[in-house]
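Please look through the structure below, following the chain from its start, and then read the report that goes with it.

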Amino acid sequence: MKLSHSPASPYVRKVMVVLHETGQLDDVELVPTATTPIAPSAELIGKNPLGKIPALERDDGPTLFDSRVICAFLDARANAGLYGSGARHWEIRTLEALGDGILDAALSLTYEARFRPEDKRVPDWMEGQWGKAARACAALDRMWMSHLAGPFDAGQIAVACALGYLDFRHAARDWRKDNPALAEWYARIESRPSLAATRPADPR
Ligand code: GSH
């Protein structure tokens, strides 16, 4: 299989963490891919018309996207149980959506700063995006700590990748300030080998 990859993408990182956790790294070739909403990779749009990474090209079926689909596919392929079962399954899916929601808001802030000239930015819109990430962090700190203390799962992977991305691109916002329990959890989890091996970096 071939994975469209960038070391800076937090959504790709989710997939890489699942590959590490489930022992499937050797089954996937990483294809360096640079893509933005303004300059989508021509090769990528043949696989994912949305022009977004990650996309997973399979040997025996159509290309899969987005990160949630790929993570669930890889988990099922290895029978790894990262999505749990019963009530916990839905909790994990919701937690993954919450982590991805932080990422969606944070990435839109990154793109706003990178692609829109300063005099055309809308501060209220930017604060609205940060508001989503901040509320999600507060909800994690207030309501999700007992889940986060449980076995490592796909929801925790999404949250860890989201917090790692906030540190990577939006450190000045200081998500830790009002979320001490979440900060403590993250300090413990970020040294897990799958997370330590996939820390975000700008492509060379
Ligand atoms: N919901 C998607 C997922 O979970 O995979 C989001 C993927 C995404 O936005 N990836 C970014 C991208 O490819 C890179 S971090 N951006 C290019 C674009 O938006 O056109």
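## Strands and their pairing

In this predicted model, strand β1, which covers residues 2-5, is joined to strand β2, which covers residues 29-32, by 4 bridges, and the two strands run parallel. In general, the strands of a sheet pair through backbone hydrogen bonds, and they may do so either parallel or antiparallel.

Taken together, the strands form an open sheet of 3 strands in the order β2-β1-β3, with mixed pairing. The edge strands of this sheet are β2 and β3, each of which pairs on one side only. A helix also belongs to this part of the picture: β1, helix α1 (residues 10-22) and β2 make up a β-α-β unit, and this unit is right-handed.

## A buried residue in a loop

Asn48 lies in the loop between α2 (42-45) and β3 (56-57). Is Asn48 buried or exposed? The relative accessibility of Asn48 is 2%, and because a residue counts as buried when this value is under 20%, Asn48 is buried. When its neighbours within four places in sequence are left aside, Asn48 is in contact with Ala55 and Phe65.

## Around the ligand

The ligand is surrounded by 14 residues, of which the closest are Lys52, Ile53, Asp66, Ser67 and Tyr111. A polar backbone atom of Ile53 is 2.8 Å from a nitrogen atom of the ligand, whereas for Asp66 it is a polar side-chain atom that lies 3.0 Å from a ligand nitrogen atom. Tyr111 likewise has a polar side-chain atom 2.8 Å from a nitrogen atom of the ligand. Taken alone, the ligand exposes 510 Å², and the protein buries 88% of that area.

## A buried residue in a helix

Ser108 has its place in helix α4, which covers residues 86-115. With a relative accessibility of 18%, Ser108 also falls under the 20% cut-off, and therefore Ser108 counts as buried.

Which residues does Ser108 touch, if those up to four places away in sequence are not counted? They are Trp125 and Gln129, and with Gln129 there is a polar contact as well, which joins the side chains of Ser108 and Gln129 at 3.2 Å.

How values were computed:
Residues numbered from 1 in each chain as written. Predicted model: local features only at pLDDT ≥ 70, side-chain atom pairs only at ≥ 80, totals over all residues. Heavy atoms only, no water. Pairing = 2+ DSSP bridges. Right-handed = clockwise from strand over helix to strand, strands pointing away. Buried < 20%, exposed > 50% of the residue type's maximum accessible area, 1.4 Å probe, protein only. Contact = heavy atoms within 4.5 Å. Near = heavy atom within 4 Å. Polar contact = N/O pair within 3.5 Å; in protein donor to acceptor, adjacent residues only side chain to side chain. Areas by Shrake-Rupley, 256 points an atom, 1.4 Å probe, with all protein chains shown as cover.
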